[in-house]
Amino acid sequence: MLEHGVVAGSAFCPQDVAALQYRAPRLAVDCLTQALLGPHHAALILDVACGTGLVAAELQAQGFRQLHGVDGSPGMLDQAQARGLYQCLSLCTLGQEPLPSAEGTFDAVLMVGALSDGQVPCSAIPELLRVTKPGGLVCLTTRTNPSNLRYKEALEATLDGLEQAGAWKRLEARTVDRWELATSELEVGPGTSDSDGFISGIIYLYRKQAAAQAEGGRPGPQPPAGL
Ligand SMILES: C[S@@+](CC[C@H](N)C(=O)[O-])C[C@H]1O[C@@H](n2cnc3c(N)ncnc32)[C@H](O)[C@@H]1O
């Protein structure tokens, strides 16, 4: 089923994942599965900013069968649809509109490769929490190279604020040196791993607290404007 909501712009980032040695989907799914309780086939998963469906492919390989996806790009959703792995795909631009799901719907919510300037703003994070079941998991990734450090700081302020408010508990923050290959000089700098051209990244894993349900998953400070 492909659901169409508010129309967003064209594709954000069609990149050659093989050339970039882009491993984030597998790393995030591995991180999630280590903490997820219960049988994989029974878990309802939301893949936010799903792109072409690389995360769904990794989830499928791990035995997950109930997959929903959202993305702000109709072109990306078309490619995700072609994989045939999602039960439901929806057009949704995070930061501009709410996720098209009721509170407490999903056992786990992932967002991989979309937390950076010009993509999903930090202000969208509480929406991910809202649609997660109490006790459910939220898995997020971002890059830790120099050009993304300002965004990462704002993101961590948002994540920490939600934890201080009792909305969720951090289970893991796993740094990964060889995240993906840098694509421009701007990405290369002190945060670049060794001299092999890779930039670094990080995977965050949170468990939603039961108390957050009463708050609607909305506590915590707002990130700086524009992030
Ligand atoms: C680098 S791709 C990652 C796709 C996929 N998660 C993966 O890891 O292969 C980033 C995706 O985020 C989507 N995206 C960026 N900003 C968005 C926003 N504000 N709302 C919804 N989707 C967004 C893009 O359309 C794109 O599909």
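**Reading helix 6**

Visitor: Which residues of helix 6 are buried?

Guide: In helix 6, the buried residues (20 or more other C-beta atoms, placed from the backbone, within 10 Å of their own) are Tyr151, Ala154, Leu155, Thr158, Leu159 and Leu162. Viewed along the axis of helix 6, these residues fall within an arc of 135° (of directions from the axis to the C-beta atoms), so they line one face of the helix. In general, an α-helix has 3.6 residues a turn, so residues three or four places apart point the same way. This is a predicted model, in which local features need pLDDT of at least 70 and side-chain atom pairs 80 or more, while totals for chains, interfaces and linings use all residues. Residues are numbered from 1 along each chain as its sequence is written.

Visitor: Which residues are exposed on the other side of helix 6?

Guide: Exposed means 12 or fewer such C-beta atoms. On that side, Arg150 and Gln164 are exposed.

Visitor: What covers the buried residues of helix 6?

Guide: Helices (H or I, at least four residues) and strands (E, at least two) are DSSP runs, numbered from the N terminus. The cover, judged by contacts (C-beta atoms within 7 Å), includes helix 5 (125-131), strand 6 (132-143), strand 7 (168-181) and strand 8 (198-208).

Visitor: What should helix 6 span?

Guide: The expected span is 1.5 Å times one less than the number of residues. For the 16 residues of helix 6 (149-164) this gives 22 Å, and the end C-alpha atoms are 22 Å apart, which agrees. Glycine 166, with a positive phi near 80°, follows helix 6.

Methods
Contact = placed C-beta atoms within 7 Å.
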